[in-house]
Amino acid sequence: MSPAGPAWPRLRVLQTLWALLVVLLAPWRLWAIKNTQECTWQVVLNNFETVGKKDASDRFVDQEPLYTVDKVFSQLVDAPIDPDEVRGLVSGKRERSWTCTPLGSGHLPTLSLQTYLGFPYYLKINYSCKGELFNLIPRYFVNVPSRPLWYTVDQAPVFILGGIPEEKAILLTDTNFKDFFLVELSIDSCWVGSFYCPQTSFTATIYDAIATESTLFIRQNQLIYYFTGTYTTLHESNRGSGRWVRVLANECIKKLCPVHFHSNGSEYVMALTTGKHEGYVHFGTITDGRVSFELLPRQRSVCSGILVVNCSITWAVFIAGDYNLLLLVEIEDPSTRKYFQVVSYDLVSDYLVVLYTIPEFIPDARGLEFLMVLGTESYTNFPMVPKGMSYNPYNNLLFIWGNFLLQSYNSKNFIYLADFPKELSIKYLVNSFYGDTAIVTETEEIWYLLEGSYQVYKLFPSKGWEVHVSLQVMQQSSLYAPNETMVTLFYEDHGLYQLVYLIDNQQGRLVKRLVPVEQLLMYQQISNDYLLERQGSHLTLSFTNFCPFTVMRLRDLPNPQIYTRQERYRAQPPRVLEPGGFHSDNSLAVYQGLVYYLLWLHSKYDKPYADPVHDPTWRWWKNKKQDQVRGEGGESVGGPSPDPPSPSPCPGTVFAPHPVPQDYYFYLASNWRSAGSVHVDMASYEKIYDLKAENELPERIFLDKGTSYRFSVFLTAREPEPLHGPSFQLQSKVGLAVVLADPECIEAVVKEEVLVNRNSVLFWVTLSDKRFCFDQGISGHHLMKTSMLLKVVGSSGHCFQNTNQGPRMWLCMENSPCHDTIPHSIFASEFFFKVLVSNRGVDKSTYCDYQLTFQLHIHGLPLSARRAFLILMVSASLFVGLVILYVISCLLSPYVVKVCNVLCWKINNIIAWESYIYSIASDTGAFSNTSGIKSGESSGGISRVVSKVAGENRTDTKETLRKKPIS
């Protein structure tokens with residue numbers, strides 16, 4: 001989607017001559033997490049005051065004064081802002097803003113920009129992970145039929161969706177339903193039923209809702225309202241939005257029909273009437289935010305133009321390239337039954353003509369996949385009930401749908417697709433406009449049709465869907481629940497998405513999820529296409545791959561720059577000079593200003609004749625480079641003369657005639673001394689001239705008069721059988737067809753080269769303009785939309801696109817038998833299964849029951865994530881504990897040794913002292929027994945001598961202890 005803003009005459013994609021593509025490189029601090037699958041880059045527009053806030057979502061706000069940004073830029077030097085250009089932004093005309101494309105992580109976020117003037121918003125770049133979805137009232141969605149999502153492709157900044165039962169409310173999203181608001185509408189809902197307005201009942205439900213670039217349209221009952229303005233005013237906390245304008249007040253509108261593509265600066269919407277203006281169409285035109293309606297046909301009603309009395313317009317399709325309306329008209333003839341016709345109305349000549357009369361009954365295809373409706377075929381008893389039409393302007397493919405499906409490339413000759421069951425009724429079609437079409441029935445079944453094929457595949461409910469859901473449940477996906485209701489189905493970036501209301505654990509939530517079409521078809525093919533082949537005395541089960549090739553590659557693609565008409569720039573974010581490395585309010589504001597200014601430079605750059613540098617970023621650094629050359633060599637070397645310096649629009653910012661060399665600011669950044677802790681390397685902002693094709697075709701190719709586009713397709717055949725020579729076999733098994741939507745304007749030449757030794761075929765494809773199909777016009781205006789389809793013969797429905805990782809299964813998840821297998825020894829668990837295969841009930845050609853028993857050896861089963869994490873934590877704790885114990889022992893070991901030495905020394909001294917006392921006592925006893933002299937005085941004398949000797953010994957011991965150092 002693209003953010004809001006008043007419309008302006010311009011052409012998007014094929015109708016825009018030059019587009020600006022800015023490649024925003026991931027911040028250098030975030031490279032480490034670029035492979036996180038559930039995180040995305042999201043680019044939105046925001047008010048400056050909410051920059052950097054986590055939950056800020058006030059997008060599409062009014063323009064803020066530029067001086068609020070100057071407060072941040074004033075800290076920087078050499079800020080790339082020209083005051084004249086800034087004044088031009090405020091006073092100039094405004095156009096719609098930017099196309100925001102959120103991309104998955106692992107890829108560089110890409111922002112497609114147009115050369116708009118007066119960009120009124122600020123750019124905000126967020127790196128965010130999965131967000132929460134709001135809980136809504138169950139009665140709004142449970143068992144409520146799904147409804148189509150209508151919007152102008154590549155233009156609408158928001159999506160809106162009605163259909164909420166008995167509520168004047170819509171779902172509003174500006175992020176493709178990643179988040180959304182439930183908006184209550186303050187509309188009058190006046191009842192104008194009368195004899196000319198056959199409205200049988202009244203309801204508050206909003207049925208039809210269409211989003212264009214600058215205007216929203218809704219239908220309630222027979223009333224039409226539109227909203228033009230700032231989309232944030234739609235969501236007001238205290239009351240509903242009252243800025244809806246009622247239009248066609250005196251008309252009875254039974255249906256709104258969308259126009260999916262804009263044309264030459266305008267968008268369109270159609271309102272089908274009933275009652276007094278039955279047989280007319282109110283054709284609405286939206287230009288520069290102004291809405292006007294015109295009643296068509298101008299001269300007379302459709303009924304009068306096709307010469308019938310009573311008719312009713314069931315559906316309308318506008319073909320902008322031809323200024324033509326295709327009308328599905330129901331005719332009531334009193335003499336016959338009802339029948340339907342396809343009527344063409346030319347808006348220029350006011351001419352009506354009947355193109356095709358739809359058969360009254362469904363043709364009998366008799367087992368065929370499709371049937372060319374010529375009027376001579378047999379028919380069944382089922383009546384054809386047309387309900388609507390769908391048109392793709394790229395391939396001119398028109399569908400008429402109801403309880404059948406007709407397709408035509410010229411709106412005159414139709415093919416009946418017999419695979420769609422006539423017992424069902426189609427509610428709406430979803431067209432990707434890239435060759436894929438999804439079908440939703442009244443019973444909420446989903447079917448799929450691929451351009452170039454006549455097979456219609458059932459996606460839901462199907463065996464493939466059951467396999468997919470079971471794998472998702474095994475993986476514990478939060479996007480699936482037993483009780484769910486589909487709200488809508490839509491395409492985004494070539495992928496089919498569902499908006500589903502889930503009820504899980506008595507809690508409801510609205511989620512957006514991908515419908516994996518290729519995987520569903522692959523699962524369904526595997527479950528249906530298998531063979532039982534006899535090998536010897538038993539049958540073997542084998543799956544047949546019907547894809548005629550094994551490898552398909554695109555080669556020799558020219559550089560896309562000249563063919564895509566897009567200018568690409570590389571704009572690296574500022575370097576954040578903070579320890580954490582995370583972006584702050586200042587760095588985000590600086591980045592917004594730089595990218596915003598790059599857009600303004602691109603829009604202003606007139607590219608004069610013979611200018612040597614066709615690069616708007618050149619004005620950022622040309623003065624610096626030349627002044628730096630003068631500083632080094634004294635003279636300016638080459639290049640155009642520099643413009644005089646401009647004064648700075650930011651207070652405090654200095655623009656010197658001779659700027660300081662870039663190395664000085666790099667030196668400041670290297671030492672973390674840059675102003676505002678933000679460093680901007682202006683030399684890193686550059687235009688990309690050497691972009692490579694990367695082995696894929698560009699989304700759109702512009703061919704000028706007489707120009708051509710040439711590439712090659714490499715196909716490797718599957719299982720060649722040399723029946724008539726290898727070369728003949730390769731040519732017969734692999735064929736490439738090119739289908740052109742407008743062969744009168746574009747021609748295709750295919751040359752084949754057989755590579756026998758590689759079992760491959762190389763096809764050279766050349767697309768050329770025939771030089772006489774278009775008139776000259778203003779660059780980017782009145783371009784013709786056309787398409788080319790490359791088709792490998794026999795590949796439709798049998799070949800599925802694989803990524804570089806290939807199709808993967810979700811193995812041994814929770815609730816599976818092999819989940820969390822605990823080993824009982826040091827070795828991993830091993831299992832041996834005995835499998836018995838028998839032909840009982842399968843092979844009817846014999847009375848014998850053949851049985852084959854074989855063993856399956858399974859090993860290496862993984863642990864559960866919780867148990868593996870527990871083992872990791874325990875192991876890490878033990879390891880860390882051992883390390884800590886070792887560190888503690890190393891630190892305390894010297895002190896422990898000292899303490900042990902002291903204890904040992906004290907113990908030795910105590911032992912020595914006791915030994916000495918014992919020896920003294922022994923000597924004294926011996927002397928007493930031997931001498932036999934008087935006991936009184938002699939004993940006292942000896943005792944005094946012993947006490948004296950003991951005291952002297954203790955004194956010597958204390959002195960020794962005091963003198964002996966502790967080691």
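Buried means under 20% relative accessible area, exposed over 50%, and partly exposed in between, calculated with a 1.4 Å probe on protein chains only. The views below show a predicted model, in which local features need pLDDT of at least 70, side-chain atom pairs count only at pLDDT 80 or more, and totals for chains, interfaces and linings use all residues. Residues are numbered from 1 along each chain as its sequence is written, and side-chain values use heavy atoms, with hydrogens and water left out.

**View 1. Strand S16 and its two antiparallel partners, S15 and S17.** Strands (E, at least two residues) and helices (H or I, at least four) are DSSP runs numbered from the N terminus. Two strands pair if DSSP finds at least two bridges between them. Strand S16 covers residues 281-287, and five of its seven residues are buried. Six bridges join S16 to strand S15 (residues 267-274), while seven bridges join S16 to strand S17 (residues 290-296). His282 has Ala271 as a bridge partner and Leu295 in S17 as another. The hairpin of S15 and S16 has six residues between the strands, and Gly275 in that turn has a positive phi of about 85°. In the hairpin of S16 and S17, two residues lie between the strands, and Asp288 in the turn has a positive phi of about 55°.

**View 2. An open sheet of five strands with mixed pairing.** Strands of a sheet pair through backbone hydrogen bonds, either parallel or antiparallel. The order here is S6-S10-S11-S12-S13. Strand S6 (150-151) and strand S13 (245-247) are the edge strands, each pairing on one side only. S6 pairs with strand S10 (residues 208-211) in the parallel sense over two bridges. Trp150 has Ile210 in S10 as its bridge partner.

**View 3. The salt bridge between Glu492 and Lys512.** A salt bridge is a side-chain nitrogen of Lys or Arg within 4 Å of a carboxyl oxygen of Asp or Glu. By this rule the model holds 17 salt bridges. In the pair shown, the closest N and O atoms of Glu492 and Lys512 are 2.4 Å apart. Glu492 belongs to strand S33 (residues 483-492) and Lys512 to strand S35 (residues 507-514), so that distant parts of the chain, 20 residues apart, are linked. Glu492 is buried at 11% relative accessibility, and Lys512 is buried at 17%.

**View 4. The salt bridge between Lys387 and Glu442.** The N to O distance is 2.3 Å. Because Lys387 lies in strand S25 (residues 386-392) and Glu442 in the loop between strand S30 (436-441) and strand S31 (446-450), the pair ties together parts that are 55 residues apart in sequence. Lys387 is partly exposed, at 24% relative accessible area, and Glu442 is partly exposed at 41%.

**View 5. The salt bridge between Glu360 and Arg337.** The closest N and O atoms of the two residues are 3.8 Å apart. Glu360 sits in the loop between strand S21 (351-357) and strand S22 (361-363), and Arg337 in the loop between strand S19 (324-332) and strand S20 (339-346). Glu360 is partly exposed at 34% relative accessible area, whereas Arg337 is exposed at 58%.

**View 6. A network of salt bridges.** Asp154, Glu699 and Arg700 are linked in this network.
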